[in-house]
Amino acid sequence: MTDESSGLVQLDLGCGRGKAPGFIGVDMYAHPLVDIVYDLNKMPWPWEAESVDCIRFSRSLIHFTDIEAALSEVVRVLKPGGILWIVSGHSSHPDIHQPSHRIPGLTLAGLAPLIGRILSADRDDEVESLA
């Protein structure tokens, strides 16, 4: 499944009710904006290796059972030179410490070392940090 206007495979993983325009919405719950209902905690994901142009997590990565396994799947399915777009809650937001968050208070700064470790183990890609 691709975005017909761009021809790119862009996944908004854990999109819920807030799918980004031009993205394929994937969530474990059916909502009007969800295109694929799939439990992303089940590995491997249903995409071929190096088949996805862009992956977006908008405040959803923190809900994964195993964040490191999810990021390893990102590395597997993302094309070389692909984009990983992570939107994380700010550490001062009251919802950042909800019990459903697997790592309460996780921010982009906290993810950077984990992402770097996974990428250095699996690929030679460069990591561009916005944190």
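Does Glu50 count as buried, exposed or partly exposed, and what is its relative accessibility? At 44% relative accessibility, Glu50 counts as partly exposed; buried means under 20% relative accessible area, exposed over 50%, and partly exposed in between, with a 1.4 Å probe and protein chains only.

The structure is a predicted model, in which local features need pLDDT of at least 70, side-chain atom pairs count only at pLDDT 80 or more, and totals for chains, interfaces and linings use all residues. Residues are numbered from 1 along each chain as its sequence is written, and side-chain values use heavy atoms, with hydrogens and water left out.

**View 1. Overall arrangement of the protein.** Two helices and five strands make up the secondary structure, and their order from the N terminus is β-β-β-β-α-β-α. Helices (H or I, at least four residues) and strands (E, at least two) are DSSP runs, numbered from the N terminus. The protein has 131 residues, of which 37% count as buried. Among contacts with a separation of 6 or more, 54% are between residues 24 or more positions apart; a contact means heavy atoms within 4.5 Å.

**View 2. Strand 4 and its two pairings.** Strand 4 covers residues 52-58 and is largely enclosed by the rest of the structure, because six of its seven residues are buried. Strand 1 (residues 10-13) runs parallel to strand 4 and is joined to it by three bridges. Strand 5 (residues 78-87) also runs parallel to strand 4, with six bridges between them. Two strands pair if DSSP finds at least two bridges between them. Cys54 of strand 4 is the bridge partner of Gln10, and Cys54 also stands opposite Ile83 in strand 5.

**View 3. Surroundings of Gln10.** Gln10 lies in strand 1 and is buried, with a relative accessible area of 14%. Its side chain reaches the backbone oxygen of Gly22 at 3.1 Å. This is a polar contact, a pair of N or O atoms within 3.5 Å; within protein, one must be able to donate a hydrogen and the other to accept it, and residues adjacent in sequence count only if both atoms are side-chain atoms. Leaving aside residues up to four places away in sequence, Gln10 touches Gly22, Phe23, Ile24 and Cys54.

**View 4. Helix 1 and the crossover.** Helix 1 (residues 67-77) forms a right-handed β-α-β unit with strand 4 and strand 5. A crossover is right-handed if, with the strands pointing away from the viewer, the path from the first strand over the helix to the second runs clockwise. The buried residues in helix 1 include Ile67, Ala70, Leu71 and Val74. At the start of helix 1, a side-chain oxygen of Asp66 comes to within 3.2 Å of the backbone nitrogen of Glu68.

**View 5. Loops on either side of strand 4.** The loop between strand 3 (36-37) and strand 4 contains Pro44, which is joined to Met43 by a cis peptide bond with omega of about -5 degrees. Glu50 is placed in the loop between strand 3 and strand 4; although not a glycine, Glu50 has a positive phi of about 55 degrees. His63 is located in the loop between strand 4 and helix 1 and counts as partly exposed at 33% relative accessibility. The C-alpha atoms of His63 and Asn41 are separated by 9.5 Å, the two residues being 22 residues apart along the chain.
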